[in-house]
Amino acid sequence: MPTPLHFLHHWRQHLAADREDAAKERRRGGCRGVAEGQLPERRRGRGLGPVKQGPVEVSAFAQHLRRLQEGLGLSQEDLARELSVSASTLSRYLSGERVPDREILRDIYVLCGEPADLKNPSGTFAQALELLFDAKRCKEPLVHRVWVGELFQQKLRNQIDALLLKVKELEAELEEEKGLRVNLENELREVRAHSEEGASCRARLEGLEEERDAAVRRVAELENALRQHQSVLVLLKEDSDHADAALERTYAELAVVQGREVENSGRIEHKQHAMNLLYEAERQARTIENPRARSKILATIAGELIGDDPIRSAHMFDEAEGIARSIEERDDKERTLADIAPALARASPDRAEFIARTAARWDQKVLADVAVSIAATEPRRAERIAGTIPKRDERVDALARLAKLRVNVDPKDAMRITQDLPDGEIKFWALMELAHVDPRGESAALYQVEKIAWSIADESQKVKALARVARQLFVTDPTRSTFLFKEAERLSQKIIAGNIFVDGTDIMRGFAALDIVGDLTAIDAEWAERIARSVADDVLRSRALADVARNLPPSRFPQAMSLFSEAERIARSVADDALRSQALADVARNLPPSQSSQAISLFSEAENIARSIADDRSLAHISEALAVADSDWAKRVTDLIGSEFHRTEALAQVTRTLLTISLDRAEHFARRATPASAQAELLVDVSRGWNDLNSY
């Protein structure tokens with residue numbers, strides 16, 4: 001589509017008129033409604049109804065959007081597709097019913113071929129942005145406050161960055177002047193000590209003294225300037241902290257208000273918000289340069305839109321497949337097709353199966369993913385696809401996944417699939433799922449599961465499996481339960497890691513002990529405590545004791561606090577700074593709500609240690625631990641992470657933790673993720689959360 005530069009003069013000419021008309025109306029009556037017909041006829045969009053009655057600022061901006069659409073020569077449907085929004089949403093923007101986000105206005109100006117930088121707006125885009133801000137202030141004042149706060153925050157950050165550069169320059173210049181002054185003083189002493197009396201000597205001394213005095217004055221001036229710049233820098237940082245705090249309060253208030261609106265508006269609003277997040281994820285996906293990542297995320301979004309926007313979903317699937325097939329390198333092409341096949345299976349199982357079988361030569365897991373995707377609608381076909389996977393481990397894993405999906409729908413069918421699996425770890429966990437479905441036959445099922453647990457080759461997994469069976473058997477067969485716990489403990493002490501890594505045996509035994517402690521504490525706390533104390537690795541011993549303390553009943557609160565204190569003492573004794581920081585965060589995370597002050601102290605200490613060594617992994621671990629306790633604090637910690645990889649991982653973990661606590665906060669964290677591929681994936685996760693809320 002050619003860029004319609006010849007239309008630019010059309011709205012440049014009238015943009016000032018929009019702002020002038022809006023100003024006149026404000027002088028008459030502030031944010032008053034404007035009835036149909038008040039605005040000149042020339043300012044109506046072609047083929048559109050009148051702008052709805054509302055605040056004059058909103059009407060002025062809606063009229064400006066209409067003229068932008070006219071200049072582009074696009075229909076509402078075509079423009080909506082270009083902007084990655086629904087046609088109904090765009091119609092609300094053009095009618096003044098709703099005010100769009102800044103990114104929508106930016107995307108329209110990009111389509112027009114105009115420079116549109118949200119951080120440094122200029123020209124007609126800057127003027128249009130002012131119209132948008134005025135409209136948002138009247139329609140959504142809290143969102144407007146967020147925008148203003150973010151701009152102010154960015155301005156402060158720019159000033160701080162510029163001032164930091166200036167301070168560095170002054171420091172360098174001051175050091176240079178100090179060096180010059182020292183050299184002049186040394187030269188003066190040398191001249192005075194070794195030169196003979198005479199006119200030339202006095203002239204030399206006077207010249208050096210003048211240069212020395214000038215250097216002293218310059219040093220004093222630079223020191224004064226440096227002190228002032230440093231003082232301003234401190235004040236700016238305080239202003240920035242205050243601005244951050246104010247913005248966070250605004251975010252929180254906006255989340256509360258939006259939460260009320262969602263609660264009051266019911267399921268339709270939940271669904272619409274989920275779809276808007278998907279459209280936003282689509283906009284992010286289209287900015288991804290890597291074709292494989294772009295194709296995969298577009299297909300994922302298309303899969304989520306199948307039921308609500310099938311036409312758009314079909315177009316996106318076609319686009320994703322087209323991107324994949326345009327890749328020249330054969331292996332990359334097949335990998336990309338494999339990425340989109342599971343999502344495509346929900347819309348076109350035949351097409352997805354064909355793609356999956358083509359790509360299966362290098363990764364057979366794609367066939368399993370396709371089978372799982374169609375399991376709800378075509379269970380027999382899904383089982384057939386899973387059963388034809390050539391590689392045994394992949395085939396067994398796929399069938400087990402199908403069995404777990406069928407547990408609550410058809411337990412007998414799930415049992416049939418599971419019984420055909422070979423004995424081992426995968427069959428064990430599938431049968432454990434089934435054991436909970438029919439309580440009347442649970443004991444018998446557990447005895448069968450126990451036999452399979454003994455057949456698991458991996459010793460660590462065998463310990464975990466035996467402990468889980470022992471916990472489930474305790475009520476019906478305490479004797480057998482005790483025996484299995486003893487066997488699990490005995491096996492955990494015999495695990496050998498080999499030469500995998502230094503102290504690997506202690507660490508693997510420690511993790512095995514953690515698995516036992518988690519299942520044993522509710523049954524025999526003293527026994528669980530003894531096992532926790534036997535762990536050799538300090539970090540894991542601290543975590544094990546904290547787990548025991550957390551699972552103790554309220555009646556044993558003093559014992560729990562004693563164990564927490566011991567876990568804290570062990571965590572402090574860890575020699576490695578990074579591991580000590582993570583261990584303290586783990587203890588803080590497990591403390592009960594009544595000990596919030598102690599938790600805050602431990603989290604602060606863990607953060608200070610991690611910051612002092614600039615360890616991104618530890619900061620990410622702390623932010624994850626803080627997600628439930630204090631999401632605002634978790635945000636501040638993620639901001640400290642220097643590595644984009646670790647910061648993205650931390651934001652993803654916090655977002656997914658918050659999905660079950662606060663969707664608004666989860667959405668806030670998702671929007672902070674970079675690169676665009678990570679943000680798009682997290683927005684899809686949050687959209688699923690809103691849809692899940694809608695189904696309750």
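Predicted model: local features only at pLDDT ≥ 70, side-chain atom pairs only at ≥ 80, totals over all residues.
Figure 1. The chain runs to 696 residues, and 48% of them count as buried. Its accessible surface comes to about 34400 Å², with 50% of that belonging to carbon and sulfur atoms. If you look at contacts between residues at least 6 apart in sequence, 62% join residues at least 24 apart.

**Figure 2. Helix 3 meets helix 5.** A quick word on how to read this kind of view: two packed helices are described by the angle between their axes and the distance between the axes. Helix 3 covers residues 76-83 and helix 5 covers residues 102-111; they pack at an angle of about 110 degrees, with axes 10 Å apart. Angles from 65 to 115 degrees count as roughly perpendicular, so helix 3 is roughly perpendicular to helix 5. On the helix 3 side, L79, E82 and L83 make the contact, and helix 5 answers with I104, D107, I108 and L111. Sorted by type, the residues of this contact are five nonpolar, no polar and two charged.

**Figure 3. Helix 10 alongside helix 12.** Now for another pair: helix 10 (residues 291-304) packs with helix 12 (residues 330-344) at an angle of about 10 degrees, and their axes are 8 Å apart. Angles under 35 degrees count as roughly parallel, and helix 10 and helix 12 are therefore roughly parallel to each other. Look for R292, S295, K296, A299, T300 and G303 in helix 10, which meet R335, T336, D339, I340 and A343 in helix 12. The residues of the contact between helix 10 and helix 12 split into three nonpolar, four polar and four charged.

**Figure 4. Helix 15 and the helices around its buried residues.** Zoom in on helix 15, residues 379-387, where the buried residues are R381, A382, E383, I385 and A386. What do they pack against? The buried residues of helix 15 pack against helix 13 (349-359), helix 14 (365-374), helix 16 (392-406) and helix 17 (411-419).

Figure 5. In soluble globular proteins, nonpolar side chains tend to be buried together. In this model, the largest nonpolar core has 139 residues, and I301, F428, I516, F603 and I622 are those with the most contacts inside it. Helix 32, residues 676-695, gives the most to this core, with eight residues. Apart from that core lies another, of 35 residues, including A60, F125, A128 and L129.

**Figure 6. A closer look at F603.** Setting aside its neighbours within four places in sequence, who's in touch with F603? F603 is in contact with A585, A588, R589, I622, A625, L626, A629 and W633. F603 is also one of the residues with the most contacts inside the largest nonpolar core.

Figure 7. Is E607 buried or exposed? E607 is found in helix 27, which spans residues 596-613. Its relative accessibility is 10%, so E607 counts as buried. Not counting residues up to four places away in sequence, E607 touches L619, I622, W633, V637 and L640. I600 is found in helix 27 too, but I600 is partly exposed, with a relative accessible area of 46%. The C-alpha atoms of I600 and R589 are separated by 9.7 Å, and these two residues sit 11 residues apart along the chain.

Methods:
Residues numbered from 1 in each chain as written. Heavy atoms only, no water. Helix = DSSP H or I, 4+ residues; strand = E, 2+ residues; numbered from the N terminus. Buried < 20%, exposed > 50% of the residue type's maximum accessible area, 1.4 Å probe, protein only. Contact = heavy atoms within 4.5 Å. Axes fitted to C-alpha atoms, helices over the stretch in contact; angles between N-to-C directions. Parallel < 35°, antiparallel > 145°, perpendicular 65-115°, else oblique. Nonpolar A, V, L, I, M, F, W, Y, C, P; charged D, E, K, R; others polar. Areas by Shrake-Rupley, 256 points an atom, 1.4 Å probe, with all protein chains shown as cover. Core = buried A, V, L, I, M, F, W, Y, C linked by side-chain atoms within 4.5 Å.
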